[in-house]
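Dear colleague,

Please find below the structure that I am handing over to you.

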Amino acid sequence: MSNINDYLLWRGDIAISKKIKFNEIDSMILARFSYLLFSKINIAPKETIASISERMKDFKNEEFLYNGDKELVTYLGQSNRFKNMLVTDYVEINSKEKENQFSAITIHISRKEIYISFMGTDNTINGWKEDFNMAFMENVPCQIAGKEYIEKIAKKYCYKKIRIGGHSKGGNVAIYSAITANKKIQNKIIKIYNYDGPGFSKNTINQFENSEIINKIESYIPQESVIGRLLNHKEKMTIVLSTEKGILQHDIYSWQVLKDDLIRLEKNTDISENIDKTLTDWLETTTIKQRKIFVDVVFDLLYSTDANTFGEIYKNLPINITKILRKYSQISTEDKKTIAKMIKIMMTCYMNIIKKRESTKSNKKYFIKFRKNKV
């Protein structure tokens, strides 16, 4: 089985050209590119992918966010397809007070095209808090930052066409920045690539569902996708093969490629369908106020550990569990009731969906048996 790093070994020696065009895997690689350790280096004005690769060669595997990132940056630096691309305009925001985790970078594919890569959620608690805020907010700070970033880049490189991409929350930001951009910028956009990124509120989607920009969006999700099916989508969805299970399929290094294409599947698994329907029903049967209380309280408990990342919580788990329990004891009775109610609603939604699916399967088997007997 092969992933994007294998693709770099296969196709890395072939430059992008009219014959070997920029494809969805090239885009996935550049969407992942924004996750690399740019915060640990100062990017020079005329930095290339090759020079960045060289400067990151001494970083250890465990310093990167995902297993596979170290290989990716190494292979990119050796690749004729990517190594000479210019890299500019790196931006990073991580504000606990504003609940905003945002990062973006621009890669110059050629003299006529640029690729704006939006980073998804990192391993910070703050980054995940912003994700969960989507459950009750029309838009979150990273989306606004994405819109402002694309406006700045489109003006700065006004003579270039634009591709936009991102993985996870980065895919959501990529779509948001495109659908909220002015018509002049939208006309310059070639395509928007979303790799397992969540959707939007119904209000946001309804504003843009008839827009021409929707036809430029390509969303890719694995067969047991959870993150990529959250909230509402109107764009074209492509299901791809992952070798992982459940939520671990969110890791794009598990997505399988064959030559120049991702390996496609016809439909999502029953597990993905059940989780998607459960979360949809949960959102529809709870109020914005309830969801805000639920998310805020859960993350207040996590913040009580004074950890910045989930890794730091796990590192001192016994001590941090004590801190979380102590903080929970201080929560108001009313908020505790809300949390219990929200959990109960989610469990009820899930059980109802399972019962309905089992009933449908039983009726289908009975119908087939009935038809055979009738014949």
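In what follows, two strands are said to pair if DSSP finds at least two bridges between them. Please bear in mind throughout that this is a predicted model.

Confidence

The mean pLDDT of the protein is 91, and 95% of its residues reach 70 or more. The stretch 364–371 should be read with that in mind: its pLDDT is below 50, and beyond near neighbours in sequence it has zero contacts in the model.

The sheet

Nine strands form an open sheet with mixed pairing, in the order β1-β2-β3-β4-β5-β6-β7-β8-β11. The edges are taken by β1 (47–48) and β11 (264–265); each has a single partner strand, so one side of each is left without a neighbour in the sheet.

Strand β8 (residues 236–240) and β11, by contrast, run antiparallel and are joined over two bridges. Here Ile-239 is bridged to Leu-265 in β11.

Which helix packs on this sheet, and which strands does it touch? Helix α7 (residues 169–179) does so, touching β3 (100–108), β4 (113–118), β5 (161–167), β6 (189–195) and β7 (217–222). The direction of α7 makes about 145° with that of β5.

Leaving aside neighbours within four places in sequence, Lys-236 is in contact with Ile-217, Glu-218 and Ser-219. Lys-236 and Lys-184 are separated by 52 residues in sequence, and their C-alpha atoms lie 23 Å apart.

In soluble globular proteins, nonpolar side chains tend to be buried together. In this model, the largest nonpolar core has 39 residues, of which Ile-29, Phe-33 and Met-56 touch the most other members. Two or more residues come to this core from each of α1 (4–11), α2 (24–33), α3 (49–55), α4 (69–78), β3 and β6. The most is given by α2, with six residues. Apart from this core lies another, of 32 residues, including Ala-145, Tyr-149, Ala-181 and Ile-205.

Met-56 has contacts with Leu-36, Leu-37, Phe-38, Ile-41, Phe-64, Lys-70 and Val-73, leaving aside its neighbours within four places in sequence.

Individual residues

Asn-3 lies in the segment before α1. Is Asn-3 buried or exposed? Its relative accessible area is 15%, under the cut-off of 20%, and therefore Asn-3 is buried. The side chain of Asn-3 reaches the backbone nitrogen of Asn-5 at 3.0 Å. Not counting residues up to four places away in sequence, Asn-3 also touches Tyr-253, Trp-255 and Val-257.

Two further residues are listed for their backbone angles. Most residues other than glycine have a negative phi. Leu-231, however, has a positive phi, near 60°. Leu-231 sits in the loop between β7 and β8 and counts as partly exposed, at 22% relative accessibility. Lys-259 likewise has a positive phi, of about 60°, although it is not a glycine. Its place is in the loop between β9 (257–258) and β10 (261–262), and Lys-259 is exposed, with a relative accessible area of 60%.

With kind regards

Conventions:
Residues numbered from 1 in each chain as written. Predicted model: local features only at pLDDT ≥ 70, side-chain atom pairs only at ≥ 80, totals over all residues. Heavy atoms only, no water. Helix = DSSP H or I, 4+ residues; strand = E, 2+ residues; numbered from the N terminus. Contact = heavy atoms within 4.5 Å. Axes fitted to C-alpha atoms, helices over the stretch in contact; angles between N-to-C directions. pLDDT = per-residue confidence, 0-100. Core = buried A, V, L, I, M, F, W, Y, C linked by side-chain atoms within 4.5 Å. Buried < 20%, exposed > 50% of the residue type's maximum accessible area, 1.4 Å probe, protein only. Polar contact = N/O pair within 3.5 Å; in protein donor to acceptor, adjacent residues only side chain to side chain.
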